[in-house]
Amino acid sequence: MAAGFARQDGQIDPLSGMSVNLMHVDSWLAELKTQAEQNPCTSLNDLLENFRATLSGKATSQGAQLCSLVLREERGWSLSWSLVETLSGVRWTYAHYLELLPLAGRFELVRVGLTWLRPSSCEADLQHEGFKIMKSLQNTSGLEELLEKLIPFKGMTLASGCLLEDIRLRLSSQDILLTL
């Protein structure tokens, strides 16, 4: 979990160079971690909203505001909320590794990240939607063919209102990141 805060008055403490007291932030995050371990949520959206409401309240009590919140699971998905983006939506990223078939005798390992903008009231299974897209990419030869297959998915909107906002490709052997 990562959280971003800023002072409501926009000022920076000249002595510390910080906008908020990091000791307070560390205690807020530790408290949230304990709460999450003791009371597991049944919904990712509920978890994010609970964390956002709790951290917003604590920040306000210290003259600050919550600007962003990112929850990331080690196996690759993440979801985040940002004050700049929207109060009613959540970004959800599903990532998967794909091995491209040999082109010129060389395999290429590519990490494909699908970033969805999901309405906050929606509980669509975006991991399943991502898996369906990844399944359509099997037996792909080379980067050009992969791009041809992926480009039509960008901007796709599901019946649930979820929007496939962007697609990121990381070519492992070349340390290249492409964003569609």
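Is arginine 7 counted as buried, partly exposed or exposed, and at what relative accessibility? Arginine 7 counts as partly exposed, at 30% relative accessibility; buried denotes under 20% relative accessible area, exposed over 50%, and partly exposed the range in between (1.4 Å probe, protein chains only). The structure is a predicted model, in which local features need pLDDT of at least 70, side-chain atom pairs count only at pLDDT 80 or more, and totals for chains, interfaces and linings use all residues. Residues are numbered from 1 along each chain as its sequence is written, and side-chain values use heavy atoms, with hydrogens and water left out.

The protein chain contains 4 helices and 7 strands, where helices (H or I, at least four residues) and strands (E, at least two) are DSSP runs numbered from the N terminus. Along the sequence these elements follow the pattern β-α-α-β-β-β-β-α-α-β-β. Of the 180 residues in the chain, 33% are buried. The accessible surface amounts to about 10,400 Å², with 53% belonging to carbon and sulfur atoms; accessible areas come from the Shrake-Rupley method with a 1.4 Å probe, and for residues only the protein chains shown count as cover. Among contacts (heavy atoms within 4.5 Å) between residues at least 6 apart in sequence, 53% join residues at least 24 apart.

A total of 6 salt bridges is present, each defined as a side-chain nitrogen of Lys or Arg within 4 Å of a carboxyl oxygen of Asp or Glu. In one of them, the side chain of arginine 7 meets that of aspartate 9 at 2.8 Å, N to O. Aspartate 9 is partly exposed, at 45% relative accessibility. A further salt bridge pairs lysine 58 with glutamate 31, their closest N and O atoms being 3.2 Å apart. Because lysine 58 lies in helix α2 (residues 44–61) and glutamate 31 in helix α1 (residues 22–38), this pair ties together parts that are 27 residues apart in sequence. Glutamate 31 is partly exposed, at 35%.

Helix α1 also holds both glutamate 37 and lysine 33, which are 4 residues apart, about one turn of the helix. These two residues form a salt bridge with closest N and O atoms 2.6 Å apart. Glutamate 37 counts as exposed at 53% relative accessibility, whereas lysine 33 is partly exposed at 47%.

Leucine 109 belongs to strand β5 (residues 106–119) and is partly exposed, with a relative accessible area of 39%. Leaving aside residues up to four places away in sequence, leucine 109 touches Tyr97, Leu98, Glu99, Arg170, Leu171 and Ser172. Serine 172 is 63 residues from leucine 109 in sequence, yet their C-alpha atoms are 5.7 Å apart in space.
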